[in-house]
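Me: I would like a close look at one part of this model, with the cut-offs stated as they come up.

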Amino acid sequence: MGFRFQKRIKIAPGVRLNISKSGVSTSLGPRGASVTVGKRGVRANVGIPGTGISYSEQLTSQRSKRPQRSASQAAPATKPAFSAEAKEVEAYTSYVDMLLSIHFETGQPVDWGTILQEDLDQLAARGPNAEVARHKLEVFQPTWLDRLFRREEAKRRELREELSKAVEQDKVVLSEKRALSDQATRVLAGDESTWLEVLLAHQAFDSIEQFGNTVHAQFRNGELTVYVEIGEEEVVPTEVLSLTTKGNLSRKKMGKTNYYALYQDYVCSCIIGAARNVFAILPAEQVLINVYDRSQADEPPIKGCIASVRIRRNELSGMLFELQDSSRTVETFEHHMNHLKTKGFRLVEELV
């Protein structure tokens, strides 16, 4: 059993000197709320006199920290997280993700009904740009400097010129809106040539064509049909890139099953993406999409239709595209598609 020694000496009101075996410290503050400063640092003490209840917390410490190993000692040497190899793998992964997510986003939906309901007569009577310029002219008040330097008339002239320009701007806007209103009338009436014109103007299939594919739309037997011709350039990678545990680049040939599965998902992403963009831009209730490429399962490969899919608007409603496999999604629609896991696409007949 060890002996303890502690003595408190009052130096001044609220200041006490504490002497013990561990050393000397100083306490500052009244009883029940003090701060002790010693070789171990600064400690705050709070208590309720007469109850035996107290709380103490170390605020600072004079103890030296244990030396830490350097990064080179703590772990084996590896390449930096943002090495050229890591960036190449990241670019590869992003590219594959892009191939599989063509259908995730669509163009801005067009509400042709709202366009048609806009009151153009009111716009013609009171153009918004002219209204702003006219108000500025009406409330203009010259300052004393304007009067001193005789700039009042010059400023009024500038405001009148602004008003004239604003009137011309409103005329252009009105002309464009009238043309758009006329187009909305034809779109809602189901005019086939206008539908094709609108798809072209809105660049409906840019996300598919960026991979070297050719896309065009036409009406066949009264049905809107989109034709997708897969480009000649190899878009789907045939290798798998990854990093080793030491950060080196690993480049391996992709297995046939994985390659053909990735190719099918890419094609089906194009199909769903085309349909979603059509429904965003036009009031179509269904669209037929035919995809053409060289058959992978035939020797020699033959160019023809590898997928023909009819998609109805209501079939896409409520789908969580980010969580669903594009190939399996396409198989839930009316379709002709013959895909073999180890051989790829075979030619099929177009839906009629």
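Which residues does Leu180 touch, not counting residues up to four places away in sequence?

Reply: Leu180 touches Trp112 and Ile115, once residues up to four places away in sequence are left out; contact means heavy atoms within 4.5 Å. This is a predicted model, in which local features need pLDDT of at least 70 and side-chain atom pairs count only at pLDDT 80 or more, while totals for chains, interfaces and linings use all residues. Residues are numbered from 1 along each chain as its sequence is written, and side-chain values use heavy atoms, with hydrogens and water left out.

Leu180 lies in helix 7, which covers residues 152-188. Helices (H or I, at least four residues) and strands (E, at least two) are DSSP runs, numbered from the N terminus. Between Leu180 and Trp112 there are 68 residues of separation along the chain, and their C-alpha atoms are 9.1 Å apart. Leu180 counts as partly exposed because its relative accessible area is 34%; buried means under 20%, exposed over 50%, and partly exposed in between, with a 1.4 Å probe and protein chains only.

Phe149 is exposed, since its relative accessible area is 54%. Together with Trp144, Leu145 and Leu148, Phe149 forms a nonpolar patch on the surface, with about 470 Å² of accessible area in total. Patches are made of residues with over 30% relative accessible area and no salt bridge; like charges are joined within 9 Å, and nonpolar side chains (Val, Leu, Ile, Met, Phe, Trp, Tyr) within 5 Å. A salt bridge is a side-chain nitrogen of Lys or Arg within 4 Å of a carboxyl oxygen of Asp or Glu. Accessible areas come from the Shrake-Rupley method with a 1.4 Å probe, and for residues only the protein chains shown count as cover.

For context, the chain has 12 helices and 14 strands. Of its 352 residues, 34% count as buried. The accessible surface of the chain is about 22900 Å², and carbon and sulfur atoms hold 53% of that. Among contacts with a separation of 6 or more, 55% are between residues 24 or more positions apart.

Elsewhere in the chain, strand 12 (residues 303-312) and strand 13 (residues 334-340) run antiparallel and are joined by four bridges; two strands pair if DSSP finds at least two bridges between them. Ser308 stands opposite His336 of strand 13. A hairpin of three residues leads from strand 13 to strand 14.
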